[in-house]
Amino acid sequence: MRPHLARLDRGAAGHSALDVIREEVRAIDGAFGVYGRPGKQPTRRIPQDGARGGRDLRLHVAGDVGSIEGAELLAGAAKRWRARGGGSVWTFTHTWRTVPRAAWGPDISVLASVERAEEIASARRQGYAAAIVVPEHPSSRAYRLPGSITPIVPCPAETKGRTCAECRLCLDRDLMGVAIGFAAHGHGVAQVKETLVQLGRREVRA
Ligand code: SF4
């Protein structure tokens, strides 16, 4: 685990999941200057150095929301991020069974982290595109897993060395027809280590 993830875990110790989400919201709202009071006009714009203008924002990197209220708080933060000129906001969640997709709002792209191929269809019925960790990819092309008819697209960070800002599959594409696959042991796994940390950890930190 990278040192900053360990620091995040230490910082969250002793706090409730909602406390950590509120702190995350404060950090987002305060990034690149003070946002101002709720309901007021934004005071600072997000740097326009993203692939499509405003800088993209990956939520929490490690951890997850623990409740509908947590997702709704982040939905508000993402809305304000976009209002300040920010780019796409995206994340993964294990709580797709209990937190409705609608709670994340329209400004967050969120993929359901599923453990089994059979769950891809369940996640889709809940309104979520899915991501799944597989032992390894058979090739760099899309493939299917037993238990699902949904094509699995190998994460291009692993197969082609692309960054998320270049690939953008999880950021702003409609992925309801496919699922993203991450290889647990495949070539290039180091590039997506942080994603795998979030996909693989089931404890709810935020
Ligand atoms: S590189 Fe992988 S994790 Fe990043 S957006 Fe593309 S599919 Fe998603």
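Q: Where does pLDDT stay under 50, and how many contacts beyond four places in sequence does the model have there?
A: That's residues 201–206, with 26 such contacts. pLDDT is the predictor's confidence in each residue, from 0 to 100, and a contact means heavy atoms within 4.5 Å. Where pLDDT is low, the predicted coordinates should not be read in detail. Across the chain, mean pLDDT is 86, and 83% of the residues reach 70 or more.

Q: What kind of model is this, and which pLDDT does it ask for?
A: It's a predicted model: local features need pLDDT of at least 70 and side-chain atom pairs 80 or more, while totals for chains, interfaces and linings use all residues. Residues are numbered from 1 along each chain as its sequence is written, and side-chain values use heavy atoms, leaving out hydrogens and water.

Q: Why is cysteine 167 called buried?
A: Buried means under 20% relative accessible area, exposed means over 50%, and partly exposed is in between (1.4 Å probe, protein chains only). Cysteine 167 has 11%, so it counts as buried. Buried residues make up 47% of the 206 residues in the chain.

Q: What makes alanine 83 partly exposed?
A: Alanine 83 has a relative accessible area of 48%, so it lands in the in-between class. This alanine 83 belongs to helix H3, residues 68–83. Helices (H or I, at least four residues) and strands (E, at least two) are DSSP runs, numbered from the N terminus.

Q: Which residues are around the ligand?
A: Among them are Cys155, Cys164, Cys167, Cys170 and Phe182; being near takes a heavy atom within 4 Å. Helices H5, H6 and H7 and strand E6 each give two or more residues to this shell. H7 has the largest share, with three residues.

Q: How many helices and strands does the chain have?
A: Eight helices and six strands, and along the sequence they follow the pattern α-α-β-α-β-β-α-β-β-α-α-α-β-α.
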